[in-house]
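Welcome, and please load the model in your viewer with the sequence panel open. We will go from one selection to the next and look at what is there.

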Amino acid sequence: MNRDVFPNFFLVGAPKAGTTALYRYLDQHPQIYMSPIKEPHFFADEVRIENFGEDFRRMAEQQLPALRAYLSGPVSERFSGGPIAEWADYLKLFQRVNNETAIGEASVCYLWSESAPGNIHARFPRAKILVMLRNPIERAFSQYAHMLSFAQKPVSFTQHMDTALRSGSTRMSELYPFLRFGLYTDQIERYLARFGAAQMQIHFHEDFSRDPLQVMGAIFRFLGVDAGFAPD
């Protein structure tokens, strides 16, 4: 393993704002290497199994054997699982970097996380920070719709919002931090305070949906790679 290879940019969120599509487009660029685990969440101290609610904890614990097996292998194929809590395991995500110049990962909870900006900056103060935002109401509805795909019983958006507002739990679940994901001002300011505007680029889901190639060109220029590349 080449332990001298580290990420130099982070796609930090927001959730349900087009980050999965953006991750896949970035991964197509020959000069960009993306972590094979899309959301390792290593730098977000809040995103740990011990901080999960009962349902989230159960799902994460069920995935642990597969995650351990994956990390003990070549770490070459895409894998959906996490979070990654150990530095040695995190480094394995970048052991297959070849000649790529932009090396990144995409963990959408980093934007909401209060710990992630400082943790990232402590190790990689020159890292570039990429943000994709979406109308907070539409973002919340998209997350709610995703939740319905595996919910035990249907619930209306209004009911889900009301339950989230009344809930006092701070354990990660379908209710928390469901609404806090959309409180962008403080989240952006935490990154600006650490990295400054020159190391950040912010885009909007609406622009990305309307003209993805234009947005991708701007991102490629920000990352210092060939901006003429057109992802599929």
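Helices and strands here are DSSP runs, numbered from the N terminus; a helix has at least four residues and a strand at least two. With that in hand, remember as you look around that this is a predicted model.

**Stop 1: two cis peptide bonds.** Select proline 83, which sits in the loop between helix H2 (54–71) and helix H3 (87–92). The peptide bond that leads from glycine 82 into proline 83 is cis, with omega near 0°. Now move to alanine 14, in the loop between strand E1 (9–11) and H1. Glycine 13 and alanine 14 are also joined by a cis peptide bond, and here omega is about 10°.

**Stop 2: two positive phi values.** Stay with the loop between H2 and H3 and pick valine 75. Valine 75 is not a glycine, yet its phi is positive, at about 50°. Is valine 75 buried or exposed? Its relative accessible area is 1%, so valine 75 is buried. Next, select histidine 41 in the loop between strand E2 (32–34) and H2. Histidine 41 has a positive phi as well, near 55°. Histidine 41 has 7% relative accessibility and therefore counts as buried.

**Stop 3: a helix pair.** Show helix H1 (residues 19–28) together with helix H10 (residues 212–223); their axes are 11 Å apart and they pack at an angle of about 60°. That angle makes H1 oblique to H10. Turn the view and you will find that the crossing of H1 past H10 is right-handed. Which residues make the contact? From H1, display Leu22, Tyr25 and Leu26; from H10, display Pro212, Met216, Ile219, Phe220 and Leu223. By class, the residues of this contact are eight nonpolar, no polar and no charged.

**Stop 4: a glutamine in a helix.** From isoleucine 219, jump to glutamine 187: the two are 32 residues apart in sequence, and their C-alpha atoms are 20 Å apart in space. Glutamine 187 belongs to helix H8 (residues 184–195). Its relative accessibility is 3%, so glutamine 187 counts as buried. Where does its side chain reach? The backbone oxygen of leucine 183 is 3.1 Å from a polar atom of the glutamine 187 side chain. Beyond its neighbours within four places in sequence, glutamine 187 is in contact with Leu111, Trp112, Arg180 and Phe181.

Note on methods. Residues numbered from 1 in each chain as written. Predicted model: local features only at pLDDT ≥ 70, side-chain atom pairs only at ≥ 80, totals over all residues. Heavy atoms only, no water. Axes fitted to C-alpha atoms, helices over the stretch in contact; angles between N-to-C directions. Parallel < 35°, antiparallel > 145°, perpendicular 65-115°, else oblique. Left-handed = near helix turned anticlockwise from the far one by under 90°. Contact = heavy atoms within 4.5 Å. Nonpolar A, V, L, I, M, F, W, Y, C, P; charged D, E, K, R; others polar. Buried < 20%, exposed > 50% of the residue type's maximum accessible area, 1.4 Å probe, protein only. Polar contact = N/O pair within 3.5 Å; in protein donor to acceptor, adjacent residues only side chain to side chain.
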